[in-house]
Structure formats: structure tokens, C-alpha cells
Amino acid sequence: MTEHTNRCGAIALVGRPNVGKSSLLNRLLGQKLSITSHKAQTTRDAIVGIKTRDGGQLVFVDTPGIHDRSDHALNRKLNRAARAAITDVDLAVLVVEAVKFGPEDALALRALADAHAPVIAVINKIDLLDHKEKLLPFLHGLAERHSFQCLVPVSARTADGLDRLEQELLARLPVGDNWFPEDQLTDCSSRFLAAELIREQLVRRYGDELPYQTTVTIERFQEEPSRYRINALIWVERDSQKAILIGHRGEALKATATAARAAMQRLFDTPVHLELWIKVRKGWTRDETALRDLTSADARL
Ligand SMILES: Nc1nc2c(ncn2[C@@H]2O[C@H](COP(=O)(O)OP(=O)(O)OP(=O)(O)O)[C@@H](O)[C@H]2O)c(=O)[nH]1
Ligand SMILES: [Mg+2]
């Protein structure tokens with residue numbers, strides 16, 4: 001009986017911004033799916049990543065970082081998206097950074113405790129620890145904050161600890177058939193993923209220069225026999241931001257497009273023709289309606 005047991009369930013990756021939730025997902029999947037950067041609040045929507053292996057299927061939900069800023073409509077939307085993703089999962093992973101635990105980590109833990117999901121604590125970035133002996137007291141402190149299922153130190157960068165994490169996760173999922181075909185990576189549409197890969201370049205290149213992150217919509221996504229033809233719009237708030245993104249003689253925009261196109265070709269495994277345009281729309285990060293219009297167009301399938 002036991003050797004044929006198959007398990008399947010949803011696992012939310014939750015934590016404050018920048019702890020490495022999306023990096024962890026990509027490393028677990030063995031494929032870059034969710035965008036990452038050194039800037040906080042890179043992930044904006046719940047992203048589903050599916051890992052099928054011997055013994056079952058792990059359906060991960062990467063979530064926006066939970067934070068304590070509610071000044072912008074966008075900030076409120078990110079917290080709502082993270083909390084919504086927690087409500088319906090079989091298991092949650094609280095991702096924290098070794099050896100840091102601050103008010104936003106506490107906020108994320110509280111959201112998980114409120115949702116009554118069983119929680120595994122993952123302590124990421126152990127590769128950065130200069131003194132490994134700092135880890136044990138940190139684990140003890142963490143264990144006192146919540147009755148975690150278990151605590152697993154890992155590094156998304158080096159993959160240290162990830163085999164154990166996967167085993168701990170799978171063992172706690174409900175017995176049942178797989179939800180998705182074994183070769184399916186995500187339920188996100190290719191349009192959505194294309195927009196994300198453009199946004200990744202913007203966050204990485206201009207995260208420090210633009211006062212707030214920009215958004216991207218896909219105007220055209222055509223799957224031709226030999227390539228994908230993609231036209232995308234980058235929305236910014238001011239003409240000065242548009243000028244930064246275009247750069248001298250369009251060089252900056254060209255570099256952004258080239259990098260995004262390369263990432264798309266890797267993910268879609270097909271040649272991509274990409275056209276990027278920039279439009280100015282004032283005040284969208286503060287305006288709930290504009291935000292809905294802009295972010296719903298490229299939602300998942
Ligand atoms: N050294 C080290 N860096 C890591 C590790 N995991 C992630 N990072 C880095 O941490 C930064 C944030 O990673 P993300 O995966 O984007 O973090 P996130 O938690 O998804 O962030 P938000 O989407 O903003 O909530 C990036 O610069 C990563 O390269 C790790 O194990 N070790
Ligand atoms: Mg993320």
C-alpha cells in the first residue's frame with residue numbers, strides 16, 4: 001500500500017518581501033518561472049508552479065511579500081493577493097532569511113496563523129551565514145513563535161537543504177491523484193508570463209531609479225509556426241520615466257527588450273519576436289480602478 005501512495009496538494013510560499021520565495025520556487029521547479037530581483041515587492045500576483053515527482057505532485061503558490069506599508073493602492077493589492085492565496089492551501093511555507101526576524105516576518109506569520117494552515121518554516125539564504133553557529137539559537141527562537149510542522153534551513157542559491165524540504169512537504173500533503181498532467185509547469189498563461197519577464201527587466205534595471213514600479217500589458221501574442229510574435233506596452237506615470245526607459249537613441253529600451261526576449265525564448269523554448277512600447281498613464285499606482293484595468297488584462301488562463 002504505502003509504496004504506491006500518491007500525494008498531491010497546494011503549498012503556499014509566504015513571507016516578507018525579498019526573503020527569496022520566488023527564487024526558492026524556481027530552484028524547486030528546476031526552471032525559472034517566477035521573476036526575481038534584489039528589490040522588495042517583485043512578485044505582484046500569486047504564481048502557480050507545479051512539480052511532479054515520484055510519489056506525487058506539489059502545487060506551489062508563490063505569493064507577493066507581506067509588508068506593513070499600505071500607502072499605495074498597489075501595496076494594499078499585494079497584501080490582499082498574498083492573504084487570498086493562503087486561504088485555500090493544504091500547507092504553507094513561511095520563508096524567512098537566516099538569521100533575521102523582523103516586524104514584517106511577524107506579520108506574515110500572523111497571516112498564516114489566522115489562516116489555520118499547517119506551516120513549515122524555511123530559513124533561506126544560509127549560504128550567506130558567516131558563522132553557522134548563529135543558526136541554532138535562531139531556530140530555537142523561531143520554534144517559540146509558532147508550532148511549526150518542522151524547520152528547514154535551505155539555500156535557494158546553492159540548493160542546499162531542498163531535497164529534505166521537498167520530502168517534508170510531500171509527506172504532509174493529502175493522499176490523492178495528481179491534479180495536473182506531469183509535464184505541466186504552471187497554470188499561468190504564456191501572455192502573463194511574457195509580461196512578467198519584461199517587468200523583471202524593469203525591476204532589475206530601474207528599480208532604484210523609478211519612483212515606483214511600472215506595469216506591463218501584452219497587446220498581441222501570436223503563436224506562429226516558427227516563432228512567437230509579441231507586442232507589449234510598458235505603462236509609466238511620468239514623461240521623465242518614459243525618457244529613462246527609452247534612453248539615448250533608444251539604447252536602453254533596446255537592451256531591455258533583448259534581455260526580456262532571451263528570457264522568453266528560454267521559457268517558451270521557441271524563437272520570439274518582441275516589440276516594446278511605452279505609454280504614460282498618470283497616477284495609476286494610487287488609483288484602484290486603473291490598477292484593476294491594467295492588471296486584469298493579462299491574468300492567467
Ligand atoms: N545569497 C542568497 N541570495 C538569495 C537566495 N535566495 C534568494 N536570494 C536573493 O534574494 C533576492 C530576493 O529574491 P526573490 O526570490 O525575488 O525574493 P521574494 O521573496 O520572492 O521577494 P518578493 O517577490 O519581493 O516578495 C534576490 O536578489 C535573490 O537573488 C539564497 O538562498 N542565497
Ligand atoms: Mg517574489
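Predicted model: local features only at pLDDT ≥ 70, side-chain atom pairs only at ≥ 80, totals over all residues.
**View 1. Residues around ligand 1.** S23 places a polar side-chain atom 2.6 Å from an oxygen atom of ligand 1. N124 also contributes a polar side-chain atom, which lies 3.1 Å from an oxygen atom of the ligand. At N18 the polar atom belongs to the backbone, and its distance to an oxygen atom of ligand 1 is 2.9 Å. On its own, ligand 1 has 660 Å² of accessible area, of which the protein covers 91%.

**View 2. The crossing of helices α7 and α8.** Helix α7 spans residues 239-246 and helix α8 spans residues 251-268. Their axes come within 5 Å and cross at roughly 65°. An angle of 65 to 115 degrees counts as roughly perpendicular, so α7 and α8 are roughly perpendicular to each other. On the α7 side the contact is made by I244, L245 and I246, and these meet E251, A252 and L253 of α8. By class, the contact holds 5 nonpolar residues, 1 charged residue and no polar ones.

**View 3. R249 between the two helices.** R249 sits in the loop between α7 and α8. Its phi is positive, at about 55°, although R249 is not a glycine. Most residues other than glycine have a negative phi.

**View 4. The cis peptide bond at A98 and V99.** The bond that runs from A98 to V99 is cis, and its omega is near -15°. Most peptide bonds are trans. V99 belongs to the loop between strand β4 (91-97) and helix α3 (103-115).

Note on methods: Residues numbered from 1 in each chain as written. Chains lettered and ligands numbered in written order. Heavy atoms only, no water. Axes fitted to C-alpha atoms, helices over the stretch in contact; angles between N-to-C directions. Helix = DSSP H or I, 4+ residues; strand = E, 2+ residues; numbered from the N terminus. Parallel < 35°, antiparallel > 145°, perpendicular 65-115°, else oblique. Contact = heavy atoms within 4.5 Å. Nonpolar A, V, L, I, M, F, W, Y, C, P; charged D, E, K, R; others polar. Polar contact = N/O pair within 3.5 Å; in protein donor to acceptor, adjacent residues only side chain to side chain. Areas by Shrake-Rupley, 256 points an atom, 1.4 Å probe, with all protein chains shown as cover.
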